[in-house]
Amino acid sequence: MKRLVVLLAMLVHAAGANAQWPAKPVRLICPYPGGPVDISSRVIAQQLQEALGQPVLVETKPGAGGVIAADYVAKSPGDGYTLLMGAIATHAINPALMPNLPYDPIRDFRHVALVVQVPNVLIVNSDLPAKNVGELIALAKSRPGKLDFGSGSTGSTGHLAGELFKQMTGTYMVHIPYKASAPAVLDLMSGRLHLIFDNLASSLPNIKAGKVRALAVTTAKRTNFLPQLPTLDESGLKGFNMTTWWGVMVPAKTPNEVVNRLSTEIVRALETPDIRERMLAMGSETPSVRTPEAFSAFIESEKALYAKLVKVSGAKPD
Amino acid sequence: MDMTIFSNLALGFGVALTPINLLYCLIGVLLGTLIGVLPGIGPVATIAMLLPVTFSLSPITALIMLAGIYYGAQYGGSTSAILVNLPGESSSVVTCLDGYQMARQGRAGVALATAAMGSFFAGCVATLIVAMFAPPLAEVALKFGPSEYFSLMVLGLVAAVVLAHGSVLKAVAMVLLGLLLGLVGTDVNSGVLRFAFGISELADGIGFVTVAMGLFGIAEIISNLELKDEREVFTNKVTNMWPTKEDWKRMWKPILRGTFLGSALGILPGGGALLASFGAYTLEKKVSKYGHEFGKGAIEGVAAPEAANNAGAQTSFIPLLTLGIPSNAVMALMIGAMMIQGIAPGPQVMTEKPQLFWGMIASMWVGNLMLVVLNLPMIGLWIKLLTVPYRILYPSIVVFMAIGVYSLSNNPFDVLLMMIFGLLGYIFVKLECEPAPLLLGFILGPLMEENLRRAMLLSRGDPIVFFTKPISAGFLIASIVLLIILLLPNIRKKREEAFVEG
């Protein structure tokens, strides 16, 4: 009986310890330093720090397209002190692209909250005669193998969107891979490339300045940033729906209370006008996915989509 | 150019000279100098860490501080390069070559002053260039496509062989070794991993800073430890702190040439400060009448690359401010900082936010002035650093380097890699092989391959494209001319030898 009391006391104590989370600084591991993922990680970290009353430190672990960071967090203890800013590459594309991925994007993680979701836009060189998607398809069909589309890397959303476009329209265009999307956009502006599927946030200023022409947005619904811009779905490519996204994830063993607390705080942070404005500045409207369960379901569907797309594209590095 | 430039600059200085902006400019350049002096800890990590701090500042103040960190780091990087043969920043690798030799001859003060003056002059000129020519220069950046870049790299690689003193054969071998090391990582076209041996840390290739710190820093320490009894104590023979009249006479032309070369290469989104310093050194070695002194403590070998890397750092803001295209990781962060403040970087910044655009340009000049005022009096202090006994200095340098390399990607693997390159560097010292051509091959190799393959993809496999584009053809012709110059004396010598034998 005494033993039971001690055991119960210990259990209560353990639960208490969990309730006290966080008792020490929390680390948010970011796989992509120096870009929008890094910046939004720091915005979220600052908000979490205020909400949790403990320092939340952003630590960048770049390399291998995010694999190093994701693998590191997957193998970290599930105590709520190591978080990952996981992204479309680490959790939806890499599993299809890399045969020896050291982690399982579904089973090794709890998916906490989607933070940023940015549409891609189809932009063309402003001298290209095609003024809309229909004309672009016609142009590509009249000059098979003559149009070039660039992307930030082989297997990036820009590349896969292009391959999906080719497949759905029955056109043939050549993929020109770059090391990042910025130099590709430069070559688009100067006319060396004909089209790119680029992230909305980075191309918006050039679209507005008339340096490139936007033909369509890759999401199912139109974007508030360019409400006059049609979707690919409206333009005849039924069901075309691609976004670039990233969000907070934790190791699979992390207790429910921690996951729920983090999720609540992040969703609350994203709804404060100040943060909303900052995220909008990066081209991200507040994501509609709001619970850990919905986020997991979203990742499952994205993973399935990209498994199909990677197969279509033929990109398969071994 | 018309009078608007003056009213624009006046507007800019009005913004830059407000007390709050002056304060943050000072904080930026101070921090930048500090992280520049510490080997390996670079501006990318620092700027990223400070981003949340900038959220509460006005956009212009934030950008002034971040820009200050960037060019402050270029400045500070040369200090550790000269004093302890450690490139604090990747762009100060070249400064090691002659700067450290000058320090060994007791001329550390002169070298530091030369670097400071060269950087300041270059900073002033480059600021003016940005102010006057930013929009038209942005058009130049647009003219550079894959074939132009490839041909520029060819010229650079041919020049790399000229960079070496001593055996041409060894220089070529080192360039080739650098090219091979550059192959490690993911192939851009197919996404296939090359020479990574299943190590995911190698998937993005070997880091340049890691290689440079190993080859220069660690190798230097190992080879110094070898001299048990006759350690160099070059502080005892500090001759003069300030450049003499003769020094001034020798350095002003290299500074001028370095400034213009640096400004030109800085505009190219793929080029930047790093290529600028290598290029300026090579150019100086060719045109200087003291060419034989290069690598042995020639003041020109410090003045030109220092001027070039600072000018390049300044003009690399042109593609950022006018096209919204980042030329390196620091610029990418600056774009992020602008976007989060609600400013979309791009061609419209200049017209829609003139205070921001011109304020930033004016602050660059203010920051450069602050740097020179801060650094000149510090030279005496830095020299004192050399009197620290080696048994204390060496372990602390190794620790700082380890921290710096670790902080690049928060991964212990890089520290291990740096040590391996340190051992390799020691072997090179023994074999009397220069690491500089290896580094250039290492940088240019992957860029060349990427641009060559992209150009060929775009031309659908037709190599004539390199000769039909005028800029590209110009670079290729220059490379051929350089090769002929390089080979001529040897041909002559061979002939003479043949005659003797005959």
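Helix axes here are lines fitted to C-alpha atoms over the stretch in contact, and angles run from 0 to 180 degrees between N-to-C directions. The model is predicted.

**A helix pair in chain B**

By that definition, helix α9 (residues 208-226) of chain B packs against helix α18 (residues 412-431) of chain B at an angle of about 55°, and their axes are 7 Å apart. Angles from 65 to 115 degrees count as roughly perpendicular and those under 35 as roughly parallel. α9(B) is therefore oblique to α18(B). The crossing of α9(B) past α18(B) is right-handed.

Which residues of α9(B) make the contact? They are T210(B), V211(B), M213(B), G214(B), L215(B), F216(B), I218(B), A219(B), I222(B) and S223(B). From α18(B) come D414(B), L417(B), M418(B), M419(B), I420(B), F421(B), G422(B), L424(B), G425(B), Y426(B), F428(B) and V429(B). By class, this contact holds 16 nonpolar residues, five polar and one charged.

**A helix pair in chain A**

In chain A, helix α2 (residues 36-52) and helix α9 (residues 256-271) have axes that come within 10 Å and cross at roughly 120°. An angle over 145 degrees would count as roughly antiparallel. α2(A) and α9(A) are therefore oblique to each other. α2(A) passes α9(A) in a right-handed crossing.

On the α2(A) side, the contact residues are I44(A), Q47(A), L48(A), A51(A) and L52(A). They meet E265(A), I266(A) and A269(A) of α9(A). Six of the contact residues are nonpolar, one is polar and one is charged.

The two pairs are set out below.

| Helix pair | Crossing angle | Axis separation |
|---|---|---|
| α9(B) and α18(B) | about 55° | 7 Å |
| α2(A) and α9(A) | roughly 120° | within 10 Å |

**Two domains in chain A**

Chain A is divided into domain 1 (25-117 + 243-313) and domain 2 (119-217). Their C-alpha centres lie 28 Å apart. Domain 1 of chain A puts 13 residues into the contact, and domain 2 of chain A puts in 13 residues.

Which elements of chain A each supply at least two residues of the domain 1 side? They are α4 (88-97), β9 (243-251) and α11 (292-313). α11(A) gives the most, with five residues. On the side of domain 1 of chain A that touches domain 2 of chain A, nine residues are nonpolar, four are polar and none is charged.

Definitions and conventions: Residues numbered from 1 in each chain as written. Chains lettered and ligands numbered in written order. Predicted model: local features only at pLDDT ≥ 70, side-chain atom pairs only at ≥ 80, totals over all residues. Domains from an automatic or database assignment. Contact = placed C-beta atoms within 7 Å. Helix = DSSP H or I, 4+ residues; strand = E, 2+ residues; numbered from the N terminus. Nonpolar A, V, L, I, M, F, W, Y, C, P; charged D, E, K, R; others polar. Left-handed = near helix turned anticlockwise from the far one by under 90°.
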